[in-house]
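This briefing covers the fold, the sheet, the nonpolar cores and a few individual residues. Please keep the sequence and the model open while reading.

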Amino acid sequence: MGVRVVVVDEKRLLAEALATALRLRGHRVLAAAAPGAGTVELVVARAPEVCLLGTATPSAPGAFDPVKRIRSARPQIGVVVLGPVRCPRGIAAAFAAGASGYVRQDERIEGVERAMAKARAGEAAVAPQLLQRAFAELLHPPAEADDEAARLLRLLTPREVAVLVRVAEGEDTRLIAAGMGIAPSTARTHVQRVLRKLAVTSRLEAAALAARTGLLDRAAKGSLPAGE
């Protein structure tokens with residue numbers, strides 16, 4: 001027997017395509033829509049057995065607020081999320097919000113149907129291997145790659161960082177030397193080392209790179225030396 005379902009996806013075309021596929025397989029699609037104002041009210045008013053909710057950003061703040069609202073208004077509606085696999089926090093957030101299941105976005109239509117059937121029966125609809133991967137990543141998160149600003153800072157000595165800050169502020173060699181209490185020749189040497197380490201050919205490029213990567217903001221939080 002077919003399932004009464006509402007399909008919601010951030011991409012309206014995907015929602016309609018999935019709705020068409022489900023209709024061809026004997027399910028009663030009550031609506032296909034993109035999320036927005038009135039979507040929750042639509043789902044609640046149509047009172048499906050299952051709501052398929054597609055999202056590409058399950059870890060975004062408030063991504064599953066619609067799930068909470070739907071479940072609050074009609075607890076009997078099973079909400080199955082269609083989302084990316086490599087998002088363990090998103091999977092956890094979906095169930096915390098009251099979702100009945102979580103299915104990978106590239107799942108075959110048969111897999112979506114199985115999830116719908118489980119959700120209608122009040123069962124959790126999620127592949128065991130998906131849960132295993134999610135829990136494994138939550139318990140042992142991979143080390144995050146350092147951002148570019150941190151990488152660049154590691155290339156420079158504290159003195160060179162101080163010089164870069166002054167370069168970004170538009171100071172010439174004479175002002176850098178005076179401000180840091182060093183000889184102009186020493187200041188010039190520091191500037192050349194900074195340019196070489198940052199792989200740029202001019203002070204303007206160095207300043208632009210520092211601003212783009214947030215290096216200046218990161219450097220401002222540290223303690224910069226004033227002189228040799």
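A residue is called buried when its relative accessible area is under 20%. By that cut-off, the buried residues of α8 are Arg159, Glu160, Val161, Ala162, Val163, Leu164, Val165 and Val167. The model is predicted. Its protein chain contains twelve helices and six strands.

**Overall figures**

- Of the 228 residues in the protein chain, 41% are buried.
- The chain exposes about 12400 Å², and carbon and sulfur atoms supply 54% of that area.
- Taking contacts in the protein chain between residues at least 6 apart in sequence, 66% join residues at least 24 apart.

**The sheet**

- Six strands make up an open sheet with parallel pairing, in the order β2-β1-β3-β4-β5-β6.
- Its edge strands are β2 and β6 (125–126), each of which pairs on one side only.
- Strand β1 (residues 4–9) is mostly covered, with five of its six residues buried.
- Strand β1 runs parallel to strand β2 (residues 28–33) and is joined to it by five bridges.
- Between β1 and β2 the chain passes through helix α1 (residues 12–24), and this β-α-β crossover is right-handed.

- How many of the residues of β3 are buried? Five of the five are, so the strand is largely enclosed by the rest of the structure.
- Val50, Leu52 and Gly54 point one way from β3, while Cys51 and Leu53 point the other way.
- Strands β3 and β4 pair in the parallel sense through five bridges.
- The chain gets from β3 to β4 by way of α3, in a β-α-β crossover that is right-handed.

**Helices on the sheet**

- Helix α2 (residues 39–46) lies across β1, β2 and β3, and runs at about 175° to β1.
- Helix α3 (residues 65–73) packs on the sheet and touches β3 and β4 (78–83).
- The direction of α3 makes about 165° with that of β4.

**Nonpolar cores**

- The largest nonpolar core has 23 residues, and those with the most contacts inside it are Val43, Cys51, Phe64, Val67, Ile70 and Val79.
- Two or more residues of this core come from each of β1, β2, α2, β3, α3, β4 and α4 (88–96).
- Helix α2 gives the most to this core, with three residues.
- Valine 43 touches Val6, Val8, Pro48, Cys51, Ile70 and Ile77, leaving out residues up to four places away in sequence.
- A second, separate core has 22 residues, including Val167, Ala177, Met180 and Val194.

- Just after α8, glycine 170 takes a positive phi of about 90°.
- Methionine 180 lies in helix α9 (residues 173–180).
- Is methionine 180 buried or exposed? Its relative accessible area is 2%, and a residue counts as buried under 20%, so methionine 180 is buried.
- Methionine 180 and valine 163 are 17 residues apart in sequence, and their C-alpha atoms are 8.5 Å apart in space.

**Serine 100**

- Where is serine 100 found? This residue is in the loop between α4 and β5 (101–104).
- Serine 100 counts as buried because its relative accessibility is 12%.
- Leaving aside neighbours within four places in sequence, the residues in contact with serine 100 are Arg71, Gly78, Val79, Phe95, Ala119, Glu123, Ala124 and Ala125.

Methods:
Residues numbered from 1 in each chain as written. Predicted model: local features only at pLDDT ≥ 70, side-chain atom pairs only at ≥ 80, totals over all residues. Heavy atoms only, no water. Buried < 20%, exposed > 50% of the residue type's maximum accessible area, 1.4 Å probe, protein only. Helix = DSSP H or I, 4+ residues; strand = E, 2+ residues; numbered from the N terminus. Pairing = 2+ DSSP bridges. Right-handed = clockwise from strand over helix to strand, strands pointing away. Contact = heavy atoms within 4.5 Å. Axes fitted to C-alpha atoms, helices over the stretch in contact; angles between N-to-C directions. Core = buried A, V, L, I, M, F, W, Y, C linked by side-chain atoms within 4.5 Å. Areas by Shrake-Rupley, 256 points an atom, 1.4 Å probe, with all protein chains shown as cover.
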